[in-house]
Amino acid sequence: MRRPVALRLNAALATMAVAAAAGVVLAMPEASAAATGSATGFATQNGGTTGGAGGQTVRATTGTAIHAALCGRASSSTPITIEVEGTINHGNTSKVSGGSCSTADGVIELKQISNVTIVGVGGGAVFDQVGIHIRDTKNVIIQNVTVRNVKKSGSPTSNGGDAIGMESNVRNVWVDHVTLEASGGESEGFDGLFDMKDNTQYVTLSYSVLRNSGRGGLIGSSESDLSNGFVTFHHNLYENIDSRAPLLRGGIAHIYNNYYAKLNESGINSRAGARAKVDNNYFKDSKDVLGTFYTDAAGYWQVSGNIFDNVTWSSPGTDNKPAGPNPQSNTTVGIPYAYTLDAAGCVPDVVSRTAGADKGLQVSNGSCSPQTPSPTNPTPSPTGPTPSPTTPTPSPTQPSGTNLSIGAGSDGSSKASGTSFGNVRDGNLSTYWSPVGSTGSISIKWGSATSVSKIVIREASGSAGSIGAWRVVNADTGAVLTTGTGAGLISFPATSLQKLTFEITGSTGTPKVAEYETYA
């Protein structure tokens with residue numbers, strides 16, 4: 001059924017040569033870092049989910065480099081953590097061959113492998129129109145990345161239109177602090193944001209954002225695909241989704257402490273004998289948020305502590321069995337792991353502050369307050385030259401607080417044709433400012449003195465690594481606050497000013513600044 005959307009990295013030398021040409025791949029010492037924190041939910045069961053913990057860590061800036069990292073391992077099960085920074089797109093994602101991988105063009109292919117972590121670092125990792133496909137695979141962690149606008153029709157296409165898709169005997173996957181988004185529904189060429197089918201089990205999706213899509217995700221591709229399940233969804237934001245939040249066919253799901261805002265047609269769709277435990281979620285401005293929809297094959301639910309804020313319910317029918325307006329449990333669901341529930345009333349706040357990529361990987365402390373979990377292992381440094389002391393190393397942590405650039409003014413030394421000063425403060429990574437030439441400056445300005453101690457420079461899609469040397473200047477006094485190289489998080493002593501200038505003094509190619517964020 002078509003439903004519209006309301007917004008409408010010892011094969012070694014050859015492999016590494018490919019990697020070097022296609023994106024930076026830096027080997028780090030053994031016993032390296034895994035993702036921050038530990039798996040939760042059903043991903044802790046069946047032996048647990050540890051990803052690449054205990055293996056080598058590499059860094060990749062292209063999709064081809066990610067594939068090269070996988071193909072360069074001693075075996076398909078050799079643990080590896082791949083730190084990703086920059087924009088991964090069709091232009092930099094090609095097939096790489098090797099005995100420890102099975103990859104393809106135009107998609108991040110995690111096929112017939114195990115023990116892998118992919119984690120976004122530095123200025124962020126964006127998979128732009130390139131999906132992540134997990135098949136015949138086990139023990140995978142995906143953390144702190146954005147996957148956007150993956151299409152199944154139109155051009156370019158990837159992964160059958162799924163942002164993250166799992167199929168065929170997949171076990172133990174933890175997806176955490178990711179942002180998955182589309183720009184429409186099936187008629188615009190998009191499919192699901194988070195799909196599981198053909199015997200996929202022991203999966204957790206946590207602290208993530210799913211938005212602007214016709215389909216949130218499914219567990220089971222048809223009423224006969226009932227071998228999937230044991231999936232946990234917690235502390236996620238579902239926003240402006242038409243349906244499938246999720247669609248559950250058979251199997252068991254645990255759904256707690258999620259914030260649902262604007263589910264346009266239906267939400268949690270339990271059918272074909274599925275059983276969902278639905279605890280302490282907050283549903284707002286939505287329709288038919290729980291029930292069995294578009295089928296007469298009933299599913300079941302156990303409910304407790306949920307808040308329904310401006311939720312409407314349709315009338316029941318043969319293929320439509322909403323749980324509301326007064327949802328009651330019609331089954332019981334046993335949960336084999338320990339977990340702590342936040343009170344439903346604070347879920348919108350704590351989820352808004354913690355869910356999604358580039359949020360500092362914060363989690364709830366169980367009492368509705370964000371906290372940063374301890375790393376599971378100490379993080380090593382890449383091998384290579386020590387940077388100059390005058391060059392700050394961008395931290396992978398997103399600053400807390402409000403981006404002060406939103407609502408401020410901006411100007412600059414020059415702007416290339418088709419770009420705008422205002423594009424760096426609009427919150428939109430698809431728009432940008434470029435100077436006329438390889439150097440130039442861009443400023444954020446306020447009507448009154450404003451204290452700033454951190455900025456984040458985000459490069460536009462396809463231009464990651466273009467920015468070379470720079471300096472940050474207090475435009476009120478002309479004082480240079482700090483200097484360095486490369487985009488990312490930049491810190492300096494807190495300064496009260498009305499105008500702050502980021503001056504690019506060297507670059508490779510044409511620099512493109514998508515966002516110039518400022519923080520107190």
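**View 1. Pairing of the bonded cysteines.** When the bonded cysteines of the protein are numbered in sequence order, they pair as 1-2, 3-4. Two disulfides are found in a search of the whole structure, a disulfide being a pair of cysteine sulfur atoms within 2.5 Å. The model is predicted: local features need pLDDT of at least 70 and side-chain atom pairs count only at pLDDT 80 or more, while totals for chains, interfaces and linings use all residues. Residues are numbered from 1 along each chain as its sequence is written, and side-chain values use heavy atoms, with hydrogens and water left out.

**View 2. The disulfide of Cys-71 and Cys-101.** The sulfur atoms of Cys-71 and Cys-101 lie 1.9 Å apart. This link is right-handed, with 100° about the S-S bond. It connects distant parts of the chain, 30 residues apart: Cys-71 in helix H2 and Cys-101 in the loop between strand E2 (80-88) and strand E3 (108-111). Helices (H or I, at least four residues) and strands (E, at least two) are DSSP runs, numbered from the N terminus.

**View 3. Helix H2.** Helix H2 spans residues 63-71 and is mostly covered, with nine of its nine residues buried. Among them are Gly-63, His-67 and Cys-71.

**View 4. The disulfide of Cys-346 and Cys-368.** Cys-346 is joined to Cys-368 with an S to S distance of 1.6 Å. The torsion about the S-S bond is about -50°, so this disulfide is left-handed. Both cysteines are buried.

Conventions: Buried < 20%, exposed > 50% of the residue type's maximum accessible area, 1.4 Å probe, protein only.
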